[in-house]
Amino acid sequence: MRLANIVPPQPEQRCTDQVGNAWPCGRRARAAFEAYLRNRPLVCHEGAANGRMRCEVNGTDVAIWVLTQGWAIAAEGAPPVFRQTESDARRRGVGQFMPDSRVAEQAVPTAPNQPVRSTAERPRG
């Protein structure tokens with residue numbers, strides 16, 4: 001599926017964190033996306049002539065969710081909300097924008113509309 005207004009990392013893509021470590025951000029992005037979609041109703045609408053789709057899960061724009069999690073960048077010409085959402089993800093250091101990939105290697109998907117969090121942040125109990 002190719003979503004409108006975003007450019008996700010390729011599955012084999014590696015990102016470099018601020019410390020200089022390379023890590024498999026493409027594989028992590030795909031895993032987070034698949035976990036988000038699991039057992040949720042996905043509704044897609046045909047998009048522009050480029051074959052990209054606009055999809056929703058329970059009324060949430062999937063492309064916005066992907067950007068919020070930091071697993072894509074806004075496509076050239078995307079509406080301002082997409083660029084702002086990417087900017088916010090970069091500022092928060094989530095997804096492919098994490099400052100230290102050792103955190104990314106422990107990323108755990110959360111409920112819909114919630115950010116991906118590290119296992120280190122799980123409450124003990």
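A residue counts as buried when its relative accessible area is under 20%, as exposed when that area is over 50%, and as partly exposed in between. The model on display is a predicted one.

**First stop: Val62**

Select Val62, which is found in helix 2. Is this residue buried or exposed? Val62 has 0% relative accessibility and therefore counts as buried. Now display the residues around it, leaving out those up to four places away in sequence: Val62 touches Leu3, Phe33, Tyr36, Leu42, Cys55, Glu56 and Val57. Val62 and Val43 are 19 residues apart in sequence, and their C-alpha atoms lie 9.6 Å apart in space.

**Second stop: the link between Cys44 and Cys55**

Cys55 forms a disulfide with Cys44, and the two sulfur atoms are 2.1 Å apart. Which parts of the chain does the pair tie together? Cys44 lies in strand 4 (residues 42-46) and Cys55 in strand 5 (residues 53-57), so the link joins parts that are 11 residues apart in sequence. The angle about the S-S bond is 110°, and the link is right-handed. The two partners may then be coloured by accessibility. Cys44 has a relative accessible area of 31% and is therefore partly exposed, whereas Cys55, at 1% relative accessibility, counts as buried.

How many disulfides does a search of the whole structure find? The search finds 2. To see the other pair, select Cys15 and Cys25, which form a disulfide with their sulfur atoms 2.0 Å apart. The torsion about this S-S bond is about 70°, so the disulfide is right-handed. This pair links distant parts of the chain: Cys15 belongs to strand 2 (residues 15-16) and Cys25 to helix 1, 10 residues apart. Both Cys15 and Cys25 are buried. With bonded cysteines counted along the chain, the disulfides follow the pattern 1-2, 3-4.

Rolling a probe the size of a water molecule over the atoms shows where empty space is left. The largest pocket has a volume of about 400 Å³. To centre the view on the pocket, select Met1, Pro8, Pro9, Arg30 and Phe33, which lie nearest its centre among the 19 residues of the lining. The elements that give two or more residues to this lining are strand 1 (6-7), helix 1 (25-37) and helix 2 (62-68). Which of the elements gives the most to the lining? Helix 1 does, with 6 residues. When the lining is coloured by residue class, it divides into 13 nonpolar, 2 polar and 4 charged residues.

**Last stop: Thr85**

Finally, select Thr85, which is found in helix 3 (residues 80-92). The relative accessible area of Thr85 is 11%, so this residue is buried. What does the side chain of Thr85 reach? The side chain reaches the backbone oxygen of Val81, at 2.6 Å. Beyond the residues up to four places away in sequence, Thr85 touches Ile64, Leu67 and Thr68. The tour ends with this selection.

Key: Residues are numbered from 1 along each chain as its sequence is written. This is a predicted model: local features need pLDDT of at least 70, side-chain atom pairs count only at pLDDT 80 or more; totals for chains, interfaces and linings use all residues. Side-chain values use heavy atoms; hydrogens and water are left out. On a 1 Å grid over the protein atoms alone, a cavity is a set of points where a 1.4 Å probe fits but cannot get out, and a pocket is an open set with protein on both sides within 12 Å along at least five of seven lines; lining residues have an atom within 4 Å of a point. Grid points are joined across faces, edges and corners, and a volume is the space filled by probe spheres set on the points. Helices (H or I, at least four residues) and strands (E, at least two) are DSSP runs, numbered from the N terminus. Ala, Val, Leu, Ile, Met, Phe, Trp, Tyr, Cys and Pro count as nonpolar, Asp, Glu, Lys and Arg as charged, and the others, Gly among them, as polar. Buried means under 20% relative accessible area, exposed over 50%, partly exposed in between (1.4 Å probe, protein chains only). A polar contact is a pair of N or O atoms within 3.5 Å; within protein, one must be able to donate a hydrogen and the other to accept it, and residues adjacent in sequence count only if both atoms are side-chain atoms. Contact means heavy atoms within 4.5 Å. A disulfide is a pair of cysteine sulfur atoms within 2.5 Å.
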